[in-house]
Amino acid sequence: MPFGKEIRDSILAYCMRDLPDETWYENAFDFVKDSALKERLISEFKNARFIYKMFEGLAAKDELLLAEVKMQVLMYASIFEATIHYVLFDQYYKNTRIVQNLLTQKVNKPFSIPTSQLSAINGLLFHDGKTIIPYFETSQKRDIAKVRFDEKCIAAFQLGILTEIPEQNDPTADILPDVKQIAGMPPFCAELIRIYEVRNAIHLHAELKKEIDYHLVLSKIAYRRMQPFLNQIRTKLNADGLL
């Protein structure tokens, strides 16, 4: 049975009170030319903020707090991934060498030797009681769905899309404690990669309090990194004359 109108209106007023208006969301994703994707990204962002406000109003703790932060991580990671995928592969940088390299891979293929020649070298194709199968190295098209998020972040960094964010130069700034730094890349990129890793591996076996504390930090970082993430994309597109 749904809440009564008075309670419902009170909850909605609380959740909507501090959220930006429609213009803010439109401007935040103005570089997304795919209207369906833009609408979905805006909806996801709105929902993430609304859910946060609702749980905040409930003063969520324990299991409810865990539910809140896990949903935040899931939603923000999905926005990061969909946005960077669009920028790299769908709209702006799909023809660059860096992005094209993500769509090819080196593979080893069996070398087909004519039977007439194979008989002459059969005796050489054995070692330690095992048959040696000749292979050659070649390149082939890679399924775009197989390109990992960390590879997309590295490509975005190499293209100059993702860079340092000034707030991380402050020694008191919040930085995820267990990110794996990638040589030459700023902590910002490593954080995005870690957020997405956790999104793909949210688990239940960790001790409850420890998991809540970790995901709470993670969800806060994910939210705080969204604005610089979008700003960096827009800055790069403007610099390249693409907006």
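View 1. Nine aromatic pairs are counted here, and the model you are looking at is predicted. Tyr86 has 2% relative accessibility and counts as buried. Tyr92, at 12%, counts as buried too, because the cut-off for buried is under 20%.

View 2. Take a moment to find Trp24, Tyr25, Phe29, Phe45, Tyr76 and Tyr223, which ring pairs link into a cluster. Two of these rings also have a charged partner. Over the ring of Tyr25 sits the charged end of Lys46, 5.5 Å from the ring centre. The ring of Tyr223 has the charged end of Arg49 over it, at 3.9 Å from the centre.

**View 3. Helices H7 and H8 where they cross.** Follow H7 along residues 149-158 and H8 along residues 187-200; their axes come within 9 Å and cross at roughly 160 degrees. The two helices are therefore roughly antiparallel to each other, as angles over 145 degrees count that way. Their crossing is right-handed. On the H7 side, Phe149, Asp150, Cys153 and Phe157 make the contact, and they meet Cys189, Leu192, Ile193 and Tyr196 of H8.

Conventions
Residues are numbered from 1 along each chain as its sequence is written. This is a predicted model: local features need pLDDT of at least 70, side-chain atom pairs count only at pLDDT 80 or more; totals for chains, interfaces and linings use all residues. Side-chain values use heavy atoms; hydrogens and water are left out. Rings of Phe, Tyr and Trp (its six-membered ring) pair if their centres lie within 6.5 Å; planes under 30 degrees apart count as stacked, over 60 as edge-to-face and the rest as tilted. Buried means under 20% relative accessible area, exposed over 50%, partly exposed in between (1.4 Å probe, protein chains only). A charge sits over a ring if NZ of Lys or CZ of Arg is within 6 Å of the ring centre and within 35 degrees of the ring normal. Axes are lines fitted to C-alpha atoms, for helices over the stretch in contact, and angles run from 0 to 180 degrees between N-to-C directions. Helices (H or I, at least four residues) and strands (E, at least two) are DSSP runs, numbered from the N terminus. Angles under 35 degrees count as roughly parallel, over 145 as roughly antiparallel, 65 to 115 as roughly perpendicular and the rest as oblique. A crossing is left-handed if the near helix is turned anticlockwise from the far one by less than a right angle, and right-handed if clockwise. Contact means heavy atoms within 4.5 Å.
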